[in-house]
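Take a moment with the sequence and the fold before reading on.

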Amino acid sequence: TKPAFEPTCADLFFSGGTIWTGTDQKAEAVSVKGNTILAVGSYEEVVKTYCPKETVAISLEGKMMTPGWIDTHVHSILSGLDLLSVQMADCDSHAMLAERVRDFVQQMEPGQWLVGSGWNQERFKGDEAGISPDRFLIDDIAPNNPVWLCRLDLHQCLANTLALEAAGVDLNNPPEVLGGLFQRDEKTGLVTGIVKDNAMAVIVKAIPTITSERYMEGLQTAMDYFVSQGVTSINLFEDGWTTFEDLYMRTLPGKSNFDGTRSLRATPFVRTYFAPALALHKEAAVLYESKKHLDQSFLRLGAVKGFLDGSLGSYTAMMHEPYNDNIQGGPSDNAGIFLVPEDEMYQWVKSADASGLQVCVHAIGSKAVHTILNIFERVIKEHPREDRRLRIEHCQHIVKEDRRRLAELGVVGSVQPYHMVDDGLFIERALGADRLDTAYPFRTLLEYGTTLAFGSDWNVAPASPLLGIHAAVTRSYYDVEGNKKQFVPSECITVEQGLHAYTTAAAYAEYSDHIKGKILPGYLADLVVIDNRSF
């Protein structure tokens, strides 16, 4: 006769380490069945799901297990191609940047575009500190190849003369673009090759479409990179639908890997919450309704993302007062750029919200954050409904009177702590000491009850939750001379708060907190194991 009770046998059984569940529950062991968590708790409780012939026991060897990390802000998965392009992140001078470009171009065919990103003028030393390169730096070393190289923040890019000509840009009279600009030399009036924000689309339209083989190479490279960092889910922000369509074809029922195979240990596919441009909200709403049959654990729709201003490093983040210096050129009273007029942004947010979509808006400067909070508050009051989870992406500079408003309005702060490491190099020069405390006030926001979800903004910054948590906890960085410094230490948070921001809060920010972000029975078995010394 059969026994009265037959326990469900786990596929995997983990024990022998620290298990951080994201809840108040203490755990000594975790078991997994299929792709979900079967049991969590004491060793004695969970071992009941261990069946010698069916269960693989894995010792954590004293390491720490956490829920899978969710990166709530990444850009084009094709940024994987940047990992295969010229590497510029460590360049500390114009000459070093030019040398990297020259060496890479020598491997290319004449006429082939060199496209990449990662340079940062704030890492240049001496008299070049803060000075963006110009087209003359690379014209002679790339005489046969159009070049388009973006600053790490993707809000300004460098084009050589061939690239400008290919895009039809008149060097003496470049087009005027709302929410963007072609930088011009103050003496000659000629285009320097630096193109900012909305004006970048003029050049991008001229770049040839990549081959499907190259596309897949970049896509796979990006996925592999995420998995290597412990990232199991991403919020992917794209302008259009190309990447979504490609991911959709590779996440049909039964497919985990791009080639359709499955792996017990890991898969090079990360779960994706896809958000196209806010301007496409009408298309997004229709597609969202038609794609509800998708395997929601792999690929989901439901959000749109807009841009309100630029970036701090390009001096286009919209501030209440002008920048302290004019090192980026332009008007002496430059306070940044609104990429979209306020009324137009309100109309887009209102319409997208009314269709049931989650609205995420990029706002970095203090005036941009203030403006989008006003827009969100207006929409909330005009059309009350439950569980909106509106998001401000970046939300970097917040004046004191606005800091309570996120929690009061239920707005999620989708922030990227690693940006402090880059901004620390120049923020005091750009804004002055009296405005430093407006930047990245994480501890204050949490004390007010704000939901803070962490992300990387990859490929602007490394998609490494460990680096992100380290930045938020220590707020430390190294200047160009190698000296360790700390940025507004009163806003440091704890390691556990950082873990919450990459797991439970991140899951909440993407409407998946019922299946992700915690180690609980029935939740997806997205698990990360790290050395305890990581923190």
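Leaving aside its neighbours within four places in sequence, which residues is Thr272 in contact with? This is a predicted model, in which local features need pLDDT of at least 70 and side-chain atom pairs count only at pLDDT 80 or more, while totals for chains, interfaces and linings use all residues. Residues are numbered from 1 along each chain as its sequence is written, and side-chain values use heavy atoms, with hydrogens and water left out.

Here are the contacts of Thr272. The residues are Met223, Ile234, Leu236, Leu247, Phe298, Leu299 and Arg300, with neighbours within four places in sequence set aside. Contact means heavy atoms within 4.5 Å. Thr272 itself sits in strand E14. Helices (H or I, at least four residues) and strands (E, at least two) are DSSP runs, numbered from the N terminus. Thr272 counts as buried because its relative accessible area is 2%. Buried means under 20% relative accessible area, exposed means over 50%, and partly exposed lies in between, using a 1.4 Å probe and protein chains only. The side chain of Thr272 also reaches the backbone oxygen of Val270, at 3.1 Å. A polar contact is a pair of N or O atoms within 3.5 Å; within protein, one must be able to donate a hydrogen and the other to accept it, and residues adjacent in sequence count only if both atoms are side-chain atoms.

Now step back to the sheet. Strand E14 belongs to an open sheet of 4 strands, in the order E7-E13-E14-E15, with parallel pairing. Two strands pair if DSSP finds at least two bridges between them. At the edges are strand E7 (69-74) and strand E15 (299-300), each of which pairs on one side only. Inside the sheet, strand E13 (residues 231-237) runs parallel to strand E14 (residues 271-275), and 5 bridges join them.

Next come the cysteines. How many disulfides does the structure hold? The count is 2. A disulfide is a pair of cysteine sulfur atoms within 2.5 Å. Cys9 and Cys51 form one of them, with their sulfur atoms 2.0 Å apart. This pair links distant parts of the chain, 42 residues apart. Cys9 lies in the segment before strand E1 (12-15), and Cys51 lies in the loop between helix H1 (43-46) and strand E5 (56-59). Their link is left-handed, with -80° about the S-S bond. Cys9 and Cys51 are both buried.

Cys150 and Cys157 are joined by a disulfide too, at 2.0 Å from S to S. Is this link left-handed or right-handed? The torsion about its S-S bond is about 90°, so the disulfide of Cys150 and Cys157 is right-handed. Cys150 counts as buried at 10% relative accessibility, and Cys157 does so at 1%. With the bonded cysteines numbered in sequence order, the pairing reads 1-2, 3-4.

Cys395 is in no disulfide. Cys360 is buried, because its relative accessibility is 1%. Cys395 is buried as well, with a relative accessible area of 2%.

Ser42 gives another local view. Ser42 lies in the loop between strand E4 (36-41) and H1. Its relative accessible area is 23%, so Ser42 is partly exposed. Not counting residues up to four places away in sequence, Ser42 touches Glu28 and Ala29. Ser15 is 27 residues away along the chain, and the C-alpha atoms of Ser42 and Ser15 are separated by 9.5 Å.

Last, the whole chain. The protein chain has 17 helices and 23 strands. Its C-alpha trace spans about 95 × 55 × 50 Å along the principal axes. Buried residues make up 55% of the 535 residues. Among contacts with a separation of 6 or more, 73% are between residues 24 or more positions apart. The chain exposes about 22,600 Å², with carbon and sulfur atoms supplying 51% of it. Accessible areas come from the Shrake-Rupley method with a 1.4 Å probe; for residues, only the protein chains shown count as cover.
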